[in-house]
Amino acid sequence: WVGPLAWSKPGLTSRPLSEMLNDSTVGIFRDSKELRLRRASIRCCVMSADAFRLALCSHRLLELDASWASEGLTGASVVSGLVSSPECSVSLQRLSLNGLHLDWGSLEESCVGFSSLLGLRTLHLANTDLTDDILEDICSLPHLESLDISCTPVSNLSALLQCKNSLRSLIAHRLRQLNMSPSRLLFVLSQLDALRHLDFSDDRPPAEDTDGRDGDEVARQLLEGSSRILPSLVSLDLSGRKMIGEAALAAFVESRSGLIFLGLLATGLSSSHVLTSLRNLKVTGEANENQVCEALRKYTERECFVQKALIQLYRLTTDADTAQPDMLELVLGAMKSHPSSLHVHLVATACVFNLTTQDLAEAMPVSLICSTITQLLHAMKTFPNHQQVQKNCLLALCSDYILQDIPFDRYVAAMLVINWLSNHQDPTLQRMAVAVISILVAKVETFKNTYGSQLVQLLAIVQQKAMVGVVDSTLKFALSALWNLTDEMPSAARSFIQCQGLELYEEVLESYYNEPTIQQKILGLLNNIAEVKELQADLMDEGLLEHIVILLKDTQVEVGVRYFAGGILAHLTSKAEAWTLDQDFRDAILKQLHESIITWAHLEREMVSYRSFCPFCPLLQTCQPSGVQLWAVWAIHLVCSQNTSHYSSMLERDGVTELLKALAAHPDTHSDIQRLVGSILRTVEGHQSSGAQPL
């Protein structure tokens, strides 16, 4: 088997499968002696007629799918290539050319046609420029069993009478240009005695309802006809035929004991009482989940039917309380099959939310949720200005489980949400977007130096809220996002300063003095800036630092706020040569650092997390003042005692363990610091000796 599916090994590539088989790659199959292909799929591939002929037509193919292929490949070039091979012209049994331009006039030899493929049993020509003449040629095939001529411009089906003894399946969906009277069309269909499956459905929009009345009349007469008409029929699809009645349906069902499938989507008949007792009968319709799911499986490539099925699925899953992964897979399949359809994505994204909300996502396979997020991000990217699609996607993404535990491209997700945020002011969506961003940026290692636009949008929200003194979740999430965005990201910290973020934060720091959660987030970001040597000069503002010292000293202020105030001061005072303010002010800060920190109570709740301990390394040098050392050691002790398994490996990785040991052994190290260092080392050693493995 050759084709995109044959290349889909996990982790092999992130490129779309349809891009992997082309003129260059298909050349490896030219040697038909070493590689004896029997089935080939070049569906959606970009390939020329010459490459197709040289690489594939020398094989004794049984099946070929060239649907929706592009470049120079046409139906005529495929058929002429296959006919040129004595092997293929006899061996080929299944051929799919859906979506191709047939370009029959380009055939140089008038004798070349589908009828030259003598072994052909199945032929799919949906969405092609099939004509009555070509259909006439097709129907002369001696073994033709299955034919799909959906969405083609054929006007007369009389040619089907040629294959009435062999044709077992006819798919004639949405034949808009049929020019036959209902009686003539019914006569032709009634002669197909071997037919087991007939699809005579139509998905015309409401505005075109009157255009299908002749077809609806044929469908009604077919239902009302006796079982002598199409005696072998076990599957009938009349979806979209709105003018057939329940009485006709009942008459048909009662006369067909062997019936296994009925297509009744968008007919108004899928809840008919005559269907309730037929448990083995598969039905596409809107009456229940089984019918809707059957419709999504059956009509994958029919956009109008997919949309109708999804609308009903949304209604049925609004109060879902059990995980339904099979149903979610069907929704994702619809999104993948119609990647640019707003109508499909509008409803599909709402269905995704229903099926993954609350705890439902946690009960599904991780791989399925990964695929779900991929499709949500595609929807956000494809429809950036459609508010409801964006809202649906944000609602689905706004889950701690998804954002924290599921692997996906968080950078792409964060950028999409931030870009959307720049053009929309809806308060509800703004709150969700900022909440999602605040978590995503904490998980992204680097933002590839594209900080300006992200920071501007988030700072605008902070300014908007601060101007009216609001304290809400949107403000908190925006502050958290900015804090995380600048964490160990010097370029982001520099952009923050360039965007006048420092001036704004100084104002907010003073105006929200009695809001510890706001203060902590602001000081956390300023701490990120203080860690960057090149940016410390921007914080050398006496008024700002005096305010931070007040927060450090105030015993009525929460320890979390005092902690980050101390971090800023510790970093700025750690380099005597970089200090540009009064030296006595620095000495006073260092003294106050030690006096304050030693009084802090140990915190049980997790207050902060670190990507690494690298920013602490300069503070742990034996030459540093004790106030600087004490803040760093207190911080390390806090996180190591709260999450030992995670941070013990980080200590070793970042070389902090050796620095701590050096501090403990140095004669000038203050006893307060030695005590905390000893506690850290004992905690880590105890964890390692217990056999626990670092995360």
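In this predicted model, three bridges join strand S1 to strand S2 (residues 63-65), and the two run parallel. Within this pair, Arg39 stands opposite Glu63 in S2.

The pair belongs to an open sheet of ten strands, which follow one another in the order S1-S2-S3-S4-S5-S6-S7-S8-S9-S10 with parallel pairing. Strand S1 (39-41) and strand S10 (282-284) stand at the edges; each has a single partner strand, so one side of each is left without a neighbour in the sheet. From one strand to the next, the twist averages 5°. Strands of a sheet pair through backbone hydrogen bonds, either parallel or antiparallel.

At the S10 end of the order, helix H8 (residues 289-298) lies across strand S7 (197-199), strand S8 (235-237), strand S9 (261-263) and S10. H8 runs at about 80° to S10. At the start of H8, a side-chain oxygen of Asn288 reaches to within 3.2 Å of the backbone nitrogen of Asn290. Further along H8, the buried residues include Val292, Cys293, Ala295 and Leu296, and also Gln291 and Glu294. The cover over the buried residues of H8 includes S9 and S10, together with helix H9 (303-316) and helix H10 (325-337).

Another packing involves two helices. Two packed helices are described by the angle between their axes and the distance between the axes. For helix H12 (residues 366-382) and helix H15 (residues 410-421), the angle is about 35° and the axes are 10 Å apart. H12 passes H15 in a left-handed crossing. H12 contributes Leu377, Met380 and Lys381 to the contact, and H15 contributes Ala413, Leu416 and Val417. By class, five of these residues are nonpolar, none is polar and one is charged.

Definitions and conventions
Residues are numbered from 1 along each chain as its sequence is written. This is a predicted model: local features need pLDDT of at least 70, side-chain atom pairs count only at pLDDT 80 or more; totals for chains, interfaces and linings use all residues. Side-chain values use heavy atoms; hydrogens and water are left out. Two strands pair if DSSP finds at least two bridges between them. Helices (H or I, at least four residues) and strands (E, at least two) are DSSP runs, numbered from the N terminus. Axes are lines fitted to C-alpha atoms, for helices over the stretch in contact, and angles run from 0 to 180 degrees between N-to-C directions. Contact means heavy atoms within 4.5 Å. Buried means under 20% relative accessible area, exposed over 50%, partly exposed in between (1.4 Å probe, protein chains only). A polar contact is a pair of N or O atoms within 3.5 Å; within protein, one must be able to donate a hydrogen and the other to accept it, and residues adjacent in sequence count only if both atoms are side-chain atoms. A crossing is left-handed if the near helix is turned anticlockwise from the far one by less than a right angle, and right-handed if clockwise. Ala, Val, Leu, Ile, Met, Phe, Trp, Tyr, Cys and Pro count as nonpolar, Asp, Glu, Lys and Arg as charged, and the others, Gly among them, as polar.
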